[in-house]
Amino acid sequence: MAAFHCAKSLTNFMILSLSITIACFTTPSAANFYRDVEVNWGDGRGKIVEGGRGLTLSLDQYSGSGLQSKNEYLYGRFDVQLKLIPGNSAGTVTTFFLASQGSAHDEINFEFLGNSSGEPYTVHTNVYAQGKGKREQQFRLWFDPTIAFHTYSIVWNPQRIIFLVDDIPIGVFNNHQAFGVQFPTSQPMRVFCSLWNADDWATQGGRVKTDWTKAPFVAYYRNFKIDACVSWSSGSSCGTKSGDTFSNQAWQTHGPDANGRNRLRWVQQKYMIYNYCTDKPRFPQGIPSECKRSRF
């Protein structure tokens with residue numbers, strides 16, 4: 001993950017009932033996996049390469065692999081370049097996500113569901129707040145994500161969460177706490193990446209299983225960039241107070257402009273294959289209340 005330096009002194013404030021010490025950082029340095037992440041499972045299947053600039057995760061019939069950031073964050077922008085498993089990747093799941101700990105955890109996730117040779121990947125997004133998710137959206141991509149690196153981004157600020165692919169918004173989840181909708185606001189989250197086997201559900205609902213003769217499966221990550229507030233310990237936190245802002249960074253109030261809204265409509269009209277907001281059989285008591293409000 002990227003390292004940062006403080007650009008100004010911290011502003012202290014309380015977030016709900018949780019107090020956290022946050023360092024607001026504004027200038028990212030070059031990403032370095034050696035410095036900024038821990039390969040925390042996989043027994044050597046996760047490897048840092050290119051002098052710390054890149055990382056590979058692999059999966060075989062015995063284990064997958066994964067990493068987590070050394071720091072926790074409360075709001076920010078998180079980018080990674082990713083090249084997915086080529087060929088027959090059925091049953092595999094490659095991830096990039098933020099998550100807190102515990103049963104009442106918050107989570108913001110990208111999951112890339114593999115498929116049979118020649119079939120497209122499915123990009124799966126979800127948002128959890130206080131342990132509750134069920135906000136899935138799924139997309140195809142307008143390019144082959146196995147040929148070259150593409151950038152996948154999460155913007156998380158007090159107003160909204162935005163999922164972006166090559167800086168094109170594909171999904172927006174707004175903060176509607178005022179209307180009783182849970183939203184991640186108080187739990188700091190680490191960044192995680194992983195590659196694992198999920199052939200019980202990942203490809204065509206589990207009908208297509210992982211072909212272990214193709215193992216090991218390898219996903220390539222590089223150029224993590226994080227512009228965020230870093231949580232250090234219990235106490236106060238950086239943020240807003242009497243109109244003050246988190247920092248001078250664009251992520252704090254970022255939302256789709258007119259061009260971004262047009263791109264979002266384009267993606268959702270042409271490439272969205274599942275949207276929880278339109279899955280009426282799943283919600284017999286009525287679709288979630290946020291689905292009745294503007295995406296923008």
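A quick word first: helices (H or I, at least four residues) and strands (E, at least two) are DSSP runs, numbered from the N terminus. What you have on screen is a predicted model, where local features need pLDDT of at least 70, side-chain atom pairs count only at pLDDT 80 or more, and totals for chains, interfaces and linings use all residues. Residues are numbered from 1 along each chain as its sequence is written, and side-chain values use heavy atoms, with hydrogens and water left out.

**Whole chain.** Colour by secondary structure: you get two helices and 16 strands. Of the 296 residues, 54% are buried (under 20% relative accessible area; exposed is over 50%, partly exposed in between, with a 1.4 Å probe and protein chains only).

**Colour by confidence.** pLDDT is the predictor's confidence in each residue, from 0 to 100. The chain averages 85, and 83% of the residues score at least 70. Now select residues 1–29: here the pLDDT is below 50, yet the stretch has 113 contacts in the model beyond near neighbours in sequence (a contact means heavy atoms within 4.5 Å). Residues 240–246 also stay under 50.

UniProt positions are given in the numbering used here, feature names are shortened, and annotations may be inferred rather than shown by experiment.

Where is Glu-107? It sits in strand S8, residues 107–113. Glu-107 is buried, with a relative accessible area of 14%. Show its surroundings and, leaving out residues up to four places away in sequence, you'll find contacts including Phe-97, Tyr-128 and Met-189. Its side chain also makes a polar contact with the side chain of His-105, at 3.0 Å (a pair of N or O atoms within 3.5 Å; within protein, one must be able to donate a hydrogen and the other to accept it, and residues adjacent in sequence count only if both atoms are side-chain atoms).

Hop along to Glu-111, which lies in strand S8. Glu-111 is buried, with a relative accessible area of 14%. Among the residues it touches beyond four places in sequence are His-124, Trp-196 and Trp-201.

**Last stop: Asn-115.** The unreviewed UniProt entry lists it for "glycosylation site". Look in the loop between S8 and strand S9 (122–128). Is Asn-115 buried or exposed? Buried, because its relative accessibility is 8%. Its contacts beyond four places in sequence include Asn-88, Pro-120 and Gln-204.
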